[in-house]
Amino acid sequence: MALSADEASRFATLLEENRDELVASWTDRVAATLRGRLSHAELERQHGELGKGLHAALSGGGRLLTDEQSAELRAQLSELSSSRARQGFSATETAVSVFALKDAVFGILDRVGGDAILRDYVAFTSFVDDAALFTFDSYVRVRESLIADQAEQLLELSTPVVKLWEGVVAVPLVGTLDSARAQVVMERLLQTLVDTSSPYAIIDITGVPAVDTQVAQHILKTVVAARLMGADCIISGIRPQIAQTIVALGIEFGDIATKASLADALRYVLSKSNGR
Amino acid sequence: MSDEADVIEVRSDQDVVRVRQLVRTTAVGAKLSLVDQTKLVTAASELARNTLVYGGGGTVEVVRVANDVRHGIRIVFADRGPGIADLELAFTDGYTTGSGLGLGLSGARRLVDEFEIDTAPGRGTSITVTKWCR
């Protein structure tokens, strides 16, 4: 429901005349729900600015949150949600920051009095509701982008390529090896082989709980790619249960060297490189 | 005697991971040996992926079963995909219509104790596997 031009201007005046009282009452209410996790001064500053933004939107002729005149206010609300989301506040705590304005306004309307209090209040309430919903939406958007960022970081973190010895790099694989991770592993391994000009690479699968044909295929492809670049690959971390499963599945690793532990693989590589 | 069945809808790669986790917890709960756990989890992973890739998605049902002498785990993979026309060919090691190694179906049969397949072109595929506790 859009505010009428009349209502909008009445509210703009109300906000202007009672600014300090409104901000103080609003801040008190929000501070109570956030239980001291944001300082009073910080909240007061945020609410002061939001109050100004709201006043600017209403006095500029904005009657809906989606109006052009409310663009500045929307930007402020987005900023508020994004900072709350990053500070770890819940969606409710974020939306309440906006909803609390209704109570603060009601307090003032109640004191000021007048014939059309209820009508005005209802109209203004729907404007604030829109603002709170908008805040909620931006909160969710920020959180989703945070999760996407973290998933990406996790992918990078979970596939380290380490230099184990002069000329020997190792990739300790932990967890599920899906296509996306297999791709990252291969890229990193091949790049590290170039950067360190290592003739040996050890792929350690101690942390991979089950080796099925897809995992095996990913590992085999990585080994073949490394070989094309002139590096010898050893697969280590083949535990008894994995060995039996691989045999039953019928997967063949051909002439690729495999070892039970990373230590065995390193010993094998060192003895080979000393021998020549 | 049989317990409640756990059912997972398989629609994406994440669901295959969930199937694997469910089978592993059930296998641990049924006190399967580490080797048998790994074999069953691997078989489930292969068949669930087949359900997803070749069957276009479907359901996986995991249930603990028991008869007079022993107990174990039964898993049913069902899809409404195109079905398998030539079973003998499908069970040939190294044969695949996709891009895998062609070992999933035949390998999974070797990883479990009982393996039943019910399929026909156009009718979908239903595979029931059972692993008994030793």
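Begin by selecting chain B of this predicted model, whose secondary structure amounts to four helices and five strands. Followed from the N terminus, the elements of chain B come in the order β-α-α-β-β-α-α-β-β. If you colour chain B by burial, 40% of its 134 residues count as buried, and among its contacts between residues at least 6 apart in sequence, 62% join residues at least 24 apart.

Next, show chain A as well and select the contact between the two chains, to which chain B brings 21 residues and chain A brings 17 residues. On the side of chain B that touches chain A, the elements giving two or more residues are helix H1 (13-29), helix H2 (34-53) and helix H4 (104-111) of chain B. H2(B) gives the most to that side, with nine residues. Colouring this side of chain B by residue class shows seven nonpolar, seven polar and seven charged residues.

The crossing in which H3(A) passes H4(A) is left-handed.

Finally, display the side chains where these helices meet: from H3(A), select Gln46(A), Glu49(A), Leu50(A), Gly53(A), Leu54(A), Ala56(A) and Ala57(A), which meet Glu72(A), Leu73(A), Gln76(A) and Leu80(A) in H4(A). By class, the residues of this contact of H3(A) with H4(A) divide into six nonpolar, three polar and two charged.

Note on methods
Residues numbered from 1 in each chain as written. Chains lettered and ligands numbered in written order. Predicted model: local features only at pLDDT ≥ 70, side-chain atom pairs only at ≥ 80, totals over all residues. Contact = placed C-beta atoms within 7 Å. Nonpolar A, V, L, I, M, F, W, Y, C, P; charged D, E, K, R; others polar. Left-handed = near helix turned anticlockwise from the far one by under 90°. Buried ≥ 20, exposed ≤ 12 C-beta atoms within 10 Å, placed from the backbone.
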